[in-house]
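Work through the exercises below with the sequence and the structure in view. Each task is followed by a solution in steps.

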Amino acid sequence: MMLAKKISFILLALLLASMLCIGFAYAWLKHEASQGKASLTSDATTYAYDPDIVNILFLGVDKENGRLGENANGQSDAIMMISLNTRTNDVLCHAIPRETIATIYLRSRRTGELHPRQDYLCLQHGLGETDEESGTLACKAVSQLLYDVPIARFYTLNLSGVCELTDAIGGIQLTALYDVEEAGISKGDHLTLTGENVLDYVRERDESNDETSSERLDRQQQFIAAFFQKAVEECKANPTKLLQLLDVAQHGSATNLTTSELLYLISVISEEDISEIEILTLPGSLIEQPDAYAYYECDQEATKRMILDRFCIPESQEGISPPSSGSEQA
């Protein structure tokens with residue numbers, strides 16, 4: 001009886017500590033969101049970024065496929081911004097094609113200064129000297145692409161971690177959206193993805209056909225939604241599963257999120273109907289080139305309207321203040 005009371009007391013203490021950490025994380029993330037000073041103007045109205053919205057950049061990085069950019073930190077095969085409204089707990093995701101042309105940054109080893117250049121956004125992660133710098137520079141590049149929308153945190157997951165996490169939840173069942181000839185997959189196939197074959201579905205594409213890049217982005221979004229749906233179900237059925245998943249994820253990931261912030265984010269997402277979370281793709285179009293890789297050109301006006309509608313609140317009717325020069329593409 002005494003042992004049972006002791007265990008109950010320990011569990012209660014852990015629960016209270018977790019609630020305290022999550023509460024602190026909520027306050028801290030909200031504080032981080034409110035620190036953005038940037039604004040933009042449309043039709044003579046100045047808009048401020050909504051201080052209740054926290055943006056977290058998610059990067060799926062490929063370090064094992066021999067495409068390592070200019071150092072060993074790897075290119076980003078998946079780029080997604082997760083936006084959390086701390087007032088309403090609404091979650092919104094924006095997928096950004098890896099071929100998007102943006103201002104990216106390379107640090108001079110001689111002077112330590114950052115030098116901007118126009119290039120594929122997927123290369124930015126590979127230009128950092130450390131995982132921390134790679135994530136921070138990616139946040140900077142994506143923020144400027146999206147008219148300086150504040151991005152407080154990043155979470156980078158190596159594709160090897162995707163394999164381990166898929167196995168950790170017992171695999172994922174889904175229906176193939178497209179043919180993936182390189183993996184022997186046909187549209188409509190009913191698949192069970194495991195650590196052995198998941199990269200065939202989320203990474204492979206026909207590199208001779210530029211349009212298959214957007215198809216791969218659709219497959220990645222489908223996988224992410226299916227993964228979170230399965231993970232939430234598993235964790236609700238067995239709360240200790242969350243600890244297992246976090247332990248697996250940390251071996252192939254890098255982040256500046258604290259554990260309490262991550263738990264808060266997970267707690268919010270777990271309350272959502274995953275199938276109802278909207279995933280939007282950056283407005284723009286894929287431009288094919290006869291003797292070079294295709295690139296994705298951001299539609300500046302459509303992107304600005306998207307940012308105004310989803311991230312901003314009117315501040316004043318005074319003056320015109322365009323986004324920083326880093327937002328403009330060559």
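**Exercise 1. Decide whether D77 is buried or exposed, then find its salt-bridge partner.**

Solution. The model is a predicted one. Step 1: D77 has a relative accessibility of 5%, so D77 counts as buried, since buried means under 20%. Step 2: the side chain of D77 meets that of R98 in a salt bridge, with 3.2 Å from N to O. Step 3: D77 lies in strand β4 and R98 in the loop between β5 and β6 (101-107), so this pair ties together parts that are 21 residues apart in sequence. Step 4: R98 is buried too, with a relative accessible area of 12%.

**Exercise 2. State how many salt bridges the model has, and describe the one between D52 and R87.**

Solution. Step 1: the count is eight salt bridges. Step 2: in one of them, the side chains of D52 and R87 meet at 2.6 Å, N to O. Step 3: D52 sits in the loop between β2 (45-49) and β3 (53-62), and R87 in the loop between β4 (75-85) and β5 (91-95), so the bridge ties together parts 35 residues apart in sequence. Step 4: D52 counts as buried because its relative accessibility is 12%. Step 5: D50 joins D52 and R87 in a network of salt bridges.

**Exercise 3. Locate E278 and R310, and classify the exposure of each residue.**

Solution. Step 1: the side chains of E278 and R310 form a salt bridge of 3.7 Å, N to O. Step 2: E278 is in strand β12 (residues 278-281) and R310 is in helix α8 (residues 300-311); the pair links distant parts of the chain, 32 residues apart. Step 3: E278 has 37% relative accessibility and therefore counts as partly exposed. Step 4: R310, with a relative accessible area of 34%, is also partly exposed.

**Exercise 4. Find which residues of helix α3 are buried.**

Solution. Step 1: helix α3 covers residues 159-168 and is mostly covered, with seven of its ten residues buried. Step 2: the buried residues are L159, G161, V162, C163, L165, T166 and A168. Step 3: for C163 the relative accessibility is 16%, so C163 falls in the buried class. Step 4: just after α3, G170 takes a positive phi of about 80°.

**Exercise 5. State how many disulfides the model has, and classify C235 by its accessible area.**

Solution. Step 1: the count is zero disulfides. Step 2: C235 has a relative accessible area of 18%, so C235 is buried.

**Exercise 6. Examine the phi angles of Y147 and D148.**

Solution. Step 1: most residues other than glycine have a negative phi. Step 2: Y147 has a positive phi, near 55°, and is not a glycine. Step 3: D148, also not a glycine, has a positive phi of about 65°. Step 4: Y147 is in the loop between α2 (131-145) and β8 (153-158), and D148 is in the loop between α2 and β8. Step 5: Y147 is buried, with a relative accessible area of 4%, and D148 counts as buried at 17% relative accessibility.

Notes:
Residues numbered from 1 in each chain as written. Predicted model: local features only at pLDDT ≥ 70, side-chain atom pairs only at ≥ 80, totals over all residues. Heavy atoms only, no water. Disulfide = S-S within 2.5 Å. Buried < 20%, exposed > 50% of the residue type's maximum accessible area, 1.4 Å probe, protein only. Salt bridge = Lys/Arg side-chain N within 4 Å of Asp/Glu carboxyl O. Helix = DSSP H or I, 4+ residues; strand = E, 2+ residues; numbered from the N terminus.
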